[in-house]
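Here's a quick briefing to read alongside the sequence and the 3D view. Have both open as you go through the points.

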Amino acid sequence: MNHWDLIIKPHSKWYHLKLGEIIRYKDLLFLFVKRDFVSVYKQTILGPIWFFIQPIITAITFTIIFGNLANISTDGLPQILFYLCGITLWGYFSDTLTKTADTFTANANIFGKVYFPRMIVPLSVVVSNLIKLGVQLFLFLAVWVYFLIKEDSIHPNWTLALVPFLILLMGFLGLSFGIIISSLTTKYRDLKFLVTFGVQLLMYASPIVYPLSIVPDKYKWIILANPVTSIIETFKYAFLGVGVFNWMYLLYSFAFTLVLFFVGLIIFHRVEKSFMDTV
Amino acid sequence: MSKIVLKAHNISKQYRLGQLGTGTVSHDLNRWWYKLRGKEDPYLKVGDTNDRSKMGGSDYVWSLKDINFEVEQGEVLGIIGKNGAGKSTLLKILSQVTTPTTGEVKIKGRVASLLEVGTGFHPELTGRENIYLNGAILGMTKIEIKRKLDEIVEFSGVAKYIDTPVKRYSSGMMVRLGFAVAAHLEPEILIVDEVLAVGDQEFQDKCIGKMKDVSSQGRTVLFVSHNMGAVQNLCNTCMYLKNGQIEGRGTTKSIIESYLNENRNVQLTGIIPPDFYRLYTNGEAFFRKILITDLEGNVIDRLAFNQSFKVVVELEAMQDLKNVMININIGTTLGQPILYAVEKDNSSYVGRNISKGSHTVEAVFNVRLLPGKYSFTLGVNYLANGNTIDWVENVYFISVDKIGYNKNEVYPWDDVHGFVEPDSKWSFK
């Protein structure tokens, strides 16, 4: 008689994250993923080919500008492979971040009418982008295999086993930044303008268009403070055999992501209950 | 004793008025500072009750204040009230779209809320894909939807277009599809907002029918509407919200009556206040006063059976009006219209021209109203296109007694059948 299934209260404890609910709504998560894919490419001519065009064009542009015009070193690696390697993983991070960053503002319409665990939406973005990354990895692997046969400067090694972990870390890092920003933008819209701009800046603070090895020691700590750095460097090291691989750096990125993710979860959870009144 | 499935305890909701701007950060900091010192939130103390017509002194307003109620299993509860009385806020809290500022709600069983039909429909996806998506948003699992898919498609009546993107649907088809999904939810508690306001009569009847099914299966329904007919048809109990507080809770009939009776002031003085709730008005003219008098001009609020009476109305035109007509409607206390009287001399009547300013309109009624209570609704509109200028519903009430106006015309029976006695001529062969 005294059992209640649901209690609606003004505030719940910060650690009460209702993660069990997310599992109950897992079907919704995958339907959102499906919606994202079907709707984006439904009225395009090239359809999913766009998945390939983006990284290819970016890699070519980087090759021309940073490789040939600016003459930035690629640690003796084929330029196109070097850039493509960084771009592929970076794209996953930046897409996840920017897309999750407008979770609340873009979905205000649905959120205002129906209750479901709001976390489903950013999680579905992570999954969508993971699929996209999977497709783009094929492209990268094709180019990689080509150069692997043609040139002997490439030395893949055992750290390839770390790749799934790196991808997971990158996804969660993007998600954590994204949900924190989306939570804060419900009240302070200024942040919205910072996102695209900030992500771009962050890219130049990550070893995408240059190897970590050419960064002068004086500034190295700045680049290393960026949690993306060691993930990208390890990724490059695994496939190409060139780059900085250091357990300490990687541990730092892992710890950073973990802390950021929990902070994000808590902030997100606080905001999801009240944002309808401020949005 | 029936089982209580929903219990609202002291729920209140505070909103901040005006724009969120420069004050936001300072209020946030202030709040945090109070909290740090273990004190109460300073902004929770201020705030006025939710009365739109008056300007409050503070930036905060209580949209709901100390709401307490319980709902039993199988109850179909209608929630009525004027716009802005807090109905939608209450539904949003119960649907977990927003949280109460204070208090708590306890619920037993699965809740599905229908604040809108077709939430989350994506225009590029087909009808079938949207059924899955919308169903999942409303809390169904994929397996559940799959099992009911055929039923949903059939109920929606858009089977032929089920594999067409919904952007090609008419708005009516979209609503049908949306409701079809919602109708096949199987929650223990169903919360429905004015979804019936959309769609044609047939569709509305279908919705009401479906909700009746739900309640007959012993499930609980909370239904918000302005449509008193629908509320009466569907609900066995009612709750009346006014200015964010519960004004009444009881049987549907008594609550609707008290809701419609609410403007007691009008009844006493005949003055219709400027903030009187108007369903429609375009601001070009306002009814200011209504009185019922006998033919000698004495104000009355009871009529003897078979007594003629006069309705005296004061209308203030804010500008010159051309070709308008004034109408007086008599209805039941539940708002059901019975008679509709229009000023019209002959078939070539083109309406009345009214100059700016106040005017008094008098209409003499010779109608044999049967004993009971009746409400008056006033309207003024353009004759040509029927566009409403002002419309005040159920603004005045009058009782008809069984005592006849002429001594030999006393209403003879205990039961009253119908509302009006027609002038009928009989013959028997």
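Let's start with domain 1 and domain 2 of chain B: across their interface the count is zero salt bridges, a salt bridge being a side-chain nitrogen of Lys or Arg within 4 Å of a carboxyl oxygen of Asp or Glu. Keep in mind that this is a predicted model, where local features need pLDDT of at least 70, side-chain atom pairs count only at pLDDT 80 or more, and totals for chains, interfaces and linings use all residues. Residues are numbered from 1 along each chain as its sequence is written, chains are lettered from A and ligands numbered from 1 in the order in which they are written, and side-chain values use heavy atoms, with hydrogens and water left out.

**The two domains of chain B**

- Domain 1 of chain B covers 64-261 and domain 2 covers 268-404, with bounds that come from an automatic or database domain assignment.
- Their C-alpha centres sit 35 Å apart.
- Nine residues of domain 1 of chain B and seven residues of domain 2 of chain B make the contact, where contact means heavy atoms within 4.5 Å.
- About 820 Å² is buried between the two domains, 58% of it from carbon and sulfur atoms; buried area is the accessible area (1.4 Å probe) that two parts lose on being put together, summed over both.
- On the domain 1 side, α7 (228-234) and α8 (252-260) of chain B each supply at least two residues; helices (H or I, at least four residues) and strands (E, at least two) are DSSP runs, numbered from the N terminus.
- The top contributor to that side is α8(B), with four residues.

**Where chain B meets chain A**

- Here 51 residues of chain B are in contact with 36 residues of chain A.
- The two chains bury about 3,800 Å² between them, and carbon and sulfur atoms give 61% of that.
- B:Q96, B:V97 and B:I137 account for 16% of the area that chain B buries against chain A, more than any other three residues.
- Between chain B and chain A there are zero salt bridges, but five residue pairs are in polar contact, both residues at pLDDT 80 or more.
- Elements of chain B that each put at least two residues on the side touching chain A include β1 (4-16), α1 (22-36) and α3 (127-137).

**A salt bridge inside chain B**

- Over all chains, the structure holds 17 salt bridges.
- One pairs B:K7 with B:E70, whose closest N and O atoms are 3.8 Å apart.
- B:K7 is in strand β1 and B:E70 in strand β3 (residues 60-72) of chain B, so this pair ties together parts that are 63 residues apart in sequence.

**How confident is the model?**

- The overall scores are ipTM 0.85 and pTM 0.74.
- Chain A has an average pLDDT of 88, with 96% of its residues scoring at least 70; pLDDT is the predictor's confidence in each residue, from 0 to 100.
- Chain B averages 83, and 88% of its residues score at least 70.

Definitions and conventions:
Polar contact = N/O pair within 3.5 Å; in protein donor to acceptor, adjacent residues only side chain to side chain.
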